[in-house]
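Subject: Structure handover

Hello,

Please find the structure below, with the sequence. My notes on it follow.

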Amino acid sequence: MARRAPAPPPANPAGKGADGTGGRGPLAALRRRRARPKFGPDGRPTGRIAQMRQVYDMTRKADPSVTWWMLGVAAAVLVVALVIGFAVGHPIYLTVIGLPLALLGAMVVLARKAEAAAYSQIEGRPGAAGAALRSIRRGWDIGEEPVAIDPRTQDSVFRGVGRAGVVLVGDGAPHRVAKLLEGERRKVARVVPSVPVHVMQAGSGEGQVPLPKLARKVQRLKPVMTKAEMGQVQGRLRAIGGMRMPVPKGVDPMRARPDRKAARGR
């Protein structure tokens, strides 16, 4: 009686990669890197160098001096490295070390200029304060939508919750958005009376916080709560909800009954 041939092993046992490392390791990382699409939906390349080039082009359109600032900082770093090299007797060695430092200095200048250009493009537009607050990476829970808005003037109020308490940021003219801020402050004070509420206005007017400094000012607020207390405050504020658009008066479409006679053609 002939023996049956053993079944072949599965091509990918237990979800492991081809190298048996479970999708981890240098070979798996290399395969994932090669599998990434080289071009985005808009046809632009998605690599790091391509992204940096796009940031540079966008920044140069808003601030043409960014090129000279980058070259100046890089040249200054190289000159300092060369001077130190001649002082210690190793100019070539210090110059080689100064090359990555010069590139790093140029990238820092580009990042600062790009941030300033981005803020200058959104400054004065509705929702600019919310965009500035959402640049905070960690420590704060910032809502995607405003909690209050004036449909006529587009003035709005954004709310954030962190260990420093609750922050309310108004976006609009100072004399108009102050009423919205006061209304939201009272609402928050009724729900969490023992939590400090920080009220700010974003803008370039008197008593307002400039848009580029808004996120930094919020991050510098002194923490007064633990993470567990912060979670409780977030839950209470989510319970009251955010902005509620008025419902038009008239027939409720969910309760309206169809006209059966009209449906039969009578």
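Contact, or touching, here means heavy atoms within 4.5 Å. This is a predicted model, in which local features need pLDDT of at least 70 and side-chain atom pairs count only at pLDDT 80 or more, while totals for chains, interfaces and linings use all residues. Residues are numbered from 1 along each chain as its sequence is written, and side-chain values use heavy atoms, with hydrogens and water left out.

Overall layout

The protein chain has nine helices and five strands; helices (H or I, at least four residues) and strands (E, at least two) are DSSP runs, numbered from the N terminus. Read from the N terminus, the order of elements is α-α-α-α-α-β-β-β-β-α-β-α-α-α. Of the 266 residues in the chain, 26% count as buried, where buried means under 20% relative accessible area, exposed over 50% and partly exposed in between (1.4 Å probe, protein chains only). The accessible surface of the chain is about 19,400 Å², and carbon and sulfur atoms hold 58% of that; areas come from the Shrake-Rupley method with a 1.4 Å probe, and for residues only the protein chains shown count as cover. Taking contacts between residues at least 6 apart in sequence, 54% join residues at least 24 apart.

Helices α2 and α4

The axes of α2 and α4 come within 9 Å and cross at roughly 55°. Axes are lines fitted to C-alpha atoms, for helices over the stretch in contact, and angles run from 0 to 180 degrees between N-to-C directions. The two helices are therefore oblique to each other: angles under 35 degrees count as roughly parallel, over 145 as roughly antiparallel, 65 to 115 as roughly perpendicular and the rest as oblique. On the α2 side the contact involves M52, V55, Y56, M58, T59 and A62, which meet M107, L110, K113, A114, A117 and Q121 in α4.

R60 also belongs to α2, which spans residues 48-62. R60 is partly exposed, at 40% relative accessibility. Leaving out residues up to four places away in sequence, R60 touches V66 and T67.

E184 sits in α6 (residues 174-191) and is buried, with a relative accessible area of 6%. Residues up to four places away in sequence aside, E184 touches V147, A148, V157 and L168.

In α7 (residues 211-219), the buried residues are L211, L214, A215 and V218. They lie on the same side of α7, because they cover an arc of only 85° around the axis; the arc is that of the directions from the helix axis to the C-beta atoms. These buried residues pack against α4 (91-122), α5 (128-133), β1 (140-142), β4 (165-171) and β5 (197-202).

R159 is in β3 (residues 156-162) and is buried, at 14% relative accessible area. Its C-alpha atom is 6.3 Å from that of I142, 17 residues away along the chain.

Q154 is in the loop between β2 (148-149) and β3. Q154 is not a glycine, yet its phi is positive, near 65°. Most residues other than glycine have a negative phi. With a relative accessible area of 40%, Q154 is partly exposed.

Regards
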